[in-house]
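I opened my notebook to look up a few things in this model. Here is what I jotted down as I went.

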Amino acid sequence: MNAIPPALKALPTAKFAQADRVRSIPRLFVALVVLAVAVTFFAQGYQLFQATMIVSYAIALLGLNLLTGYNGQISLGHGAFYAVGAYVTAILMARYGVPYWVCLPISGGVALVVGYLFGRPALRLEGLYLALATFALGIAAPQLLKSRHFEPWTGGSSGIVLNKPEAPFGLPLDADQWFYLFSLVVGLLMLLVARNLVCGASGRAMRAMRDHPLAAEAIGVPGSHCKSVTFGISAGFTGVAGSLFAVAVQFVSPDTFAMFLSISLLVGIVVGGVGTLWGALYGAVFIMFVPDLAEKVSKAAPWAVYGVVLIVFVYLLPGGLARLARRRA
Amino acid sequence: MEAFLHQLAAGLAAGGVYASMALALVMIYQATHHINFAQGEMATFSAFIAWALLQAGVPYWLAFAATVLVSFSMGAAIQFAIVRPLEKAPELSVVVVFIGLLVIFHSMAGWLFGFDVKRFPSPFPVDAWFGSALLSVHQLGAMAVTLAMVAVLFAFLRLTPLGLAMRAAAENADSARLLGVPVSRMLMLGWGLAGAIGAVAGMMVAPTLFLDPHMMSGVLLYAFAGALLGGINNPVGAVVGGLVVGVAENLLGTYVIGTELKLPLALVLIVTVLVFRPAGLLGRVVVKRV
Amino acid sequence: MDKLLEAKGLRAFYGPVAVLHGIDLDVEQGEVCALLGANGAGKTTTLRALCRTKVRTEGSLSLAGEAIERRTTEQVARLGVGHVPDGRGTFLGLTVEENLRLGCYTRADRAGCASDLERMYGYFPRLKERRRQQAGTLSGGEQQMLAISRALMARPRLLLLDEPSFGLAPLIVREIFGILAKINREESVSILLVEQNARLALELAQRAYLLEGGRVVAHGSSEQMRQDDAVRRAYLGD
């Protein structure tokens, strides 16, 4: 990325963002939403699944971006929170019959709390050490999920199977279509939340902490609290995304949430654009399709593509695709 | 009692490997204040290179030496081509690039050598005289090799002018330059050494853990824990930390939590050290009088 | 006398910001030359520019006739320029003796290094007492002695000193300046001395420059500078 803009620059950006809120939502965005809804009726089962996954990844990337782009902290283990959201939903739905639309906010909430608790001690760490702690989290997560101690709930290595819910109120939609629409609505909601967070007072606080932690604390931004809350919120977003994932895939197992997932999320924000909201969408599309395409070439290819992409983007496209799109516009 | 000693000894043997990886991590951290997330994958890749040479019929110690040399060059080349241009980049960029390296090495290993698990030979004959009930021949041999490597490294750093220059460049690059020390070249040297150390660690651990692209990810985590525990700025601490972590992992794994929670244990260790004593147990607190 | 160091039209930039706006400066072989000026005048920047460290430079720079404006810091050091930076730049984690030995890095002669080490201990016995101590435990004055000795270990032709008296007790400053004079006399090491303490600097130096806002506003022999109104008003307190 380009050098993090000096603290002074953060203030005018916030002001513009505020003005943005008042101005009407850009037309491109509306067109996109209409298109997304239309997909419900034009796409077939598997494509709907892919579209749902894009929404899920986009929400997760929004979360990670809140943390990294706007608050300047690095997480290499967000796959763990995705797993938290997925497993909470799976356990509640499969073992206790809780309806999915209740599971969703609960999963988000649990992930938020877990994230906050992890972030609270971890926030004393400088960026690099936090990266290390989250790296450890990402690597250790599958083993935790497989552990015999939690097996009664998690189903151990065999995982948990879920059923996709049918459309309510007898709507003329099949399960895939309904769940896609549901995810879309959730996605838009989360986008709204993210936007408000970023543009409001908390957003300014976040960015102030990112750009100049000492100055921010001096003017009264409560550093440690702000950082761990941001971490928690970021985890919460990812947990919601995981919840959607669980229902869309109809299955959770520990190996789904291995380090590859955390790295995918990292790739997603780097490709999409750190510190942007649009980037979440670009990144989501990238990590949805590219690994699958690469796998057709060879088993090692997805990793290789990720590695090259990460390095290339840092050197050549530090602002991600979002910056590229903005330049064209 | 015998079982306990056995576990203790095994812990020390494992700890030796963690110690050497931790040493590689500390070398790079000291010089650049960067954490090389790719260290594990680089070591695995080195082990694969050795394996390929052995498959081609090269005698063991020749393959060993060649691998160490190649790994040294790889490390230096990476510093030169990929890390050096990032000198002024923000931290996130550097972390992302390191993860990129991790991922690339991982995939190269899989692509060139396959993902199936392979056997890696030990250079120490099974019936050698120094085998014992406590430790297998290989474990003892590996410990000896690791110890020798660490000793040579320390001797180099403490006793030679070049080692002194490296330490100076790591500690204060600006002052080192003013004395004519070519700091960039010292960094290359540091990375090269780290690559070589990783190669030795990889070749020592492969007979036990079996060789596949995922071999080192757990080891890396333990190496991190060891380096942090000992003090990320302190080479001696790295070695001590690695040994302590090895023993702790083995004892806790056998007697307390079972062997399948080893990685979460490393996680807990890492977070605990970072939270309560980020400088580590032996972390050098550099005294500054104003 | 021959010019050892010659700077013409020297500009220096931190990023886009220009701090030196075209300086002409020279140091003659065997002399002590002082660079005076208030905080922010650009004295430290000048020394950095001469060593090609930390600033971007424009203009010509030559050492004993050899152009060095494109060289790296390490290369300039190898050509015989020793720099004792502001803040001393001590390797705090290394021992006193290790710090000194580093000074020899560019030298080829092992035996010469050993005897020079003894010579430095002769100038500064306090360093000898503390030779195995971590350099960070030394007092300010001792660190200054260490920094100067370290630079001298390289047998430089030209020694650049940035505010050697800063934060030191007068007694220690006298001691250090005495040794600087001795080194200049006996080993013909040319010295460019940056000092805020103008009185002291003009005692040691034969010539001086006065820097203000990144430009040379006055220069001449020490005697001339002592009489100069600008210098007297601003820096000698007369």
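**Chain B, secondary structure.** I looked up the elements of chain B in this predicted model and found 11 helices and zero strands. Reading along the sequence, I noted the pattern α-α-α-α-α-α-α-α-α-α-α.

**Chain B, overall size.** I then checked the radius of gyration of chain B, which is 19 Å and close to the 19 Å that the globule rule gives for 290 residues, so chain B is as compact as a globular protein of that length. Along the principal axes, I read a span of about 55 × 45 × 35 Å for the C-alpha trace of chain B.

**A helix pair in chain B.** How do H1(B) and H10(B) pack, and at what angle? I have helix H1 (residues 2-32) and helix H10 (residues 235-257) of chain B at about 145°, with axes 6 Å apart. The crossing of H1(B) past H10(B) is right-handed. I sorted the residues of this contact by class and got 18 nonpolar, nine polar and one charged.

**Chain C against chain B.** My last stop was the contact between the chains, which takes 25 residues from chain C and 20 residues from chain B. On the chain C side, helix H2 (73-78) and helix H3 (96-102) are the elements that give two or more residues. H2(C) gives the most, with four residues. By class, I noted 10 nonpolar, 11 polar and four charged residues on that side of chain C.

How values were computed
Residues are numbered from 1 along each chain as its sequence is written. Chains are lettered from A and ligands numbered from 1 in the order in which they are written. This is a predicted model: local features need pLDDT of at least 70, side-chain atom pairs count only at pLDDT 80 or more; totals for chains, interfaces and linings use all residues. Axes are lines fitted to C-alpha atoms, for helices over the stretch in contact, and angles run from 0 to 180 degrees between N-to-C directions. A crossing is left-handed if the near helix is turned anticlockwise from the far one by less than a right angle, and right-handed if clockwise. Ala, Val, Leu, Ile, Met, Phe, Trp, Tyr, Cys and Pro count as nonpolar, Asp, Glu, Lys and Arg as charged, and the others, Gly among them, as polar. Two residues are in contact if their C-beta atoms, placed from the backbone, lie within 7 Å. The radius of gyration is taken over C-alpha atoms; the globule rule is 2.2 Å times the number of residues to the power 0.38.
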